Amino acid sequence: MRLVDCIIKNGFLLRIDENDSILPNTSLVIHENKILDFGSDDHMKNMYQSDHIIDAKGCFVMPGFINAHTHLPMTYFRGLADDLPLKVWLENYIWPNEARFLSPEFVYDAALHGCAELIKNGITLFNDMYFYGREIAKASIKAGMKAIISEVALDYSVANCHNSEENFNYLIENIQMFKNNPLIDFSIGPHSVYACSTDTLKKCKAQADKLNCLVHMHLSETEFEVNHCLQNFKLRPVDYLNDLGLLDNRLIIAHGVWLNDSEINLLKKKNVSVILNTESNMKLASGFAPVYKYCQADVNLCLGTDSVASNNNLSMFDEMCLTAKIHKCLNSDPSFLTARDIIHMATIQSAKALGKDNECGSIEIGKNADIIILNSNSVESYPYYHPYSHIVYCMNQKNVQTVIIHGKTVMENGSLTTLDENDILNKASYYQNKIKEGL
């Protein structure tokens with residue numbers, strides 16, 4: 001028998017592979033951070049033994065969710081300013097408070113809090129966009145989270161950078177500093193077409209090509225943004241980016257609400273992925289993304305929560321359920337966006353968008369062991385007949401029992417193993433009082 005790091009036994013294994021394989025009474029074997037093997041319980045118990053055996057009886061075992069668009073350190077701004085238009089929300093509340101409070105310590109503490117919430121929601125990888133990316137990386141490593149961290153590029157001085165050159169230098173330093181850490185990657189995050197000049201966007205593209213990293217930006221989130229682009233550049237946002245050479249498979253755009261048919265077809269042609277942020281867009285009344293047209297054009301779609309300042313949580317369960325239901329209703333078609341479609345958006349399609357589909361997003365031998373165990377043994381989530389629909393339409397954060405990231409258990413039986421929740425809550429209370437004093 002071979003001694004291995006961990007065996008998850010008795011589970012319903014949801015592989016999220018091309019056949020959507022669902023394997024009952026299956027054991028998953030983890031060794032040296034990777035998925036080593038899986039198969040029937042009877043077969044696996046004769047091949048492997050481990051000091052760490054997790055009994056997943058009555059549970060779904062699946063790849064962890066991927067939150068493809070976050071602003072994690074905004075955790076401390078949760079509920080700070082609600083029920084406002086995006087422009088007012090940003091300019092009158094969020095940006096002034098960021099100017100007042102942002103510091104390396106603030107970002108680290110808020111990101112650590114956010115990591116705890118991500119883990120509790122079964123999220124094993126997040127794609128972030130914010131400032132002080134080095135501190136976000138340190139918090140992620142402390143929590144055991146995987147992250148792709150976009151350092152925001154803007155045309156004006158903010159947080160730790162005064163111009164795009166400082167931003168790029170800081171990014172390069174971070175890439176070098178964390179290059180050997182398997183949990184962390186960095187990317188470039190031009191904020192938007194209205195907050196970045198043409199020159200800044202061109203520089204972002206040149207740096208992304210040079211560093212071989214992603215470009216992660218907001219695009220066509222509001223009608224205002226589209227009108228601004230037309231007024232200033234005589235082009236719609238997607239066409240404008242295409243003229244600048246930014247459209248390729250390195251670009252991943254968040255929101256994509258106000259696109260026309262021509263823009264959607266261009267995104268497909270250039271292999272650009274779109275991150276849907278349904279709850280945030282609804283709460284800020286930004287509109288509904290043209291998901292039906294995206295699907296018709298076969299654009300790769302994934303899911304993000306956006307920040308808790310505009311959502312107000314990091315729940316992939318909420319995002320999946322609401323996205324599916326809203327777009328069924330908008331298209332008068334209950335068969336549109338099946339539970340299977342939505343789960344693929346939250347796993348393998350997000351992995352593809354982030355260039356990580358050879359590492360995570362599905363259960364395959366040799367992929368990283370980024371695994372979640374969802375417990376269905378409760379009154380409100382039993383019985384079940386179809387695991388995919390059960391996850392999307394019935395389950396929530398409370399069903400997340402165990403989370404394994406890169407082979408390390410970061411939550412087991414509902415308890416975090418890498419972070420102290422009381423410390424996190426005490427820190428949040430401290431910052432809450434400071435922010436309230438400044439309002």
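Tutor: Start with the residue classes: Ala, Val, Leu, Ile, Met, Phe, Trp, Tyr, Cys and Pro count as nonpolar, Asp, Glu, Lys and Arg as charged, and the others, Gly among them, as polar. The model is predicted. The lining of its second largest pocket divides into 18 nonpolar, eight polar and three charged residues.

Student: Where in H2 is the kink?

Tutor: The kink, of about 35°, lies at Ile-94, shortly before the proline Pro-96. Ile-94 is also among the buried residues of H2, which include Leu-90 and Glu-98. What covers the buried residues of H2 includes helix H3 (104-120), E9 and helix H16 (421-438).

Student: Why is Phe-60 called buried?

Tutor: Buried means under 20% relative accessible area. Phe-60 has a relative accessible area of 0%, so Phe-60 is buried.

Student: What makes Phe-12 partly exposed?

Tutor: Partly exposed lies between the limits of under 20% for buried and over 50% for exposed. The relative accessible area of Phe-12 is 25%, so Phe-12 is partly exposed.

Student: How many aromatic pairs does the structure hold?

Tutor: The structure holds 16 aromatic pairs. Phe-12 and Phe-60 form an aromatic pair with 6.3 Å centre to centre and 85° between the planes. Centres within 6.5 Å make a pair, and planes over 60 degrees apart count as edge-to-face, and the pair of Phe-12 and Phe-60 is edge-to-face. This pair links distant parts of the chain, with Phe-12 in strand E2 and Phe-60 in strand E7, 48 residues apart.

Student: Why is the pair of Phe-233 and Tyr-240 called stacked?

Tutor: Planes under 30 degrees apart count as stacked. The planes of Phe-233 and Tyr-240 are at 10° and the ring centres are 4.1 Å apart, so the pair is stacked.

Student: How do you know whether Tyr-240 is buried or exposed?

Tutor: Its relative accessible area is 4%, and the cut-off for buried is under 20%. Therefore Tyr-240 is buried. Phe-233, with 26%, is partly exposed.

Notes
Residues are numbered from 1 along each chain as its sequence is written. This is a predicted model: local features need pLDDT of at least 70, side-chain atom pairs count only at pLDDT 80 or more; totals for chains, interfaces and linings use all residues. Side-chain values use heavy atoms; hydrogens and water are left out. The bend at a residue is the angle between axes fitted to the seven residues ending there and the seven starting there. Helices (H or I, at least four residues) and strands (E, at least two) are DSSP runs, numbered from the N terminus. Buried means under 20% relative accessible area, exposed over 50%, partly exposed in between (1.4 Å probe, protein chains only). Contact means heavy atoms within 4.5 Å. Rings of Phe, Tyr and Trp (its six-membered ring) pair if their centres lie within 6.5 Å; planes under 30 degrees apart count as stacked, over 60 as edge-to-face and the rest as tilted.
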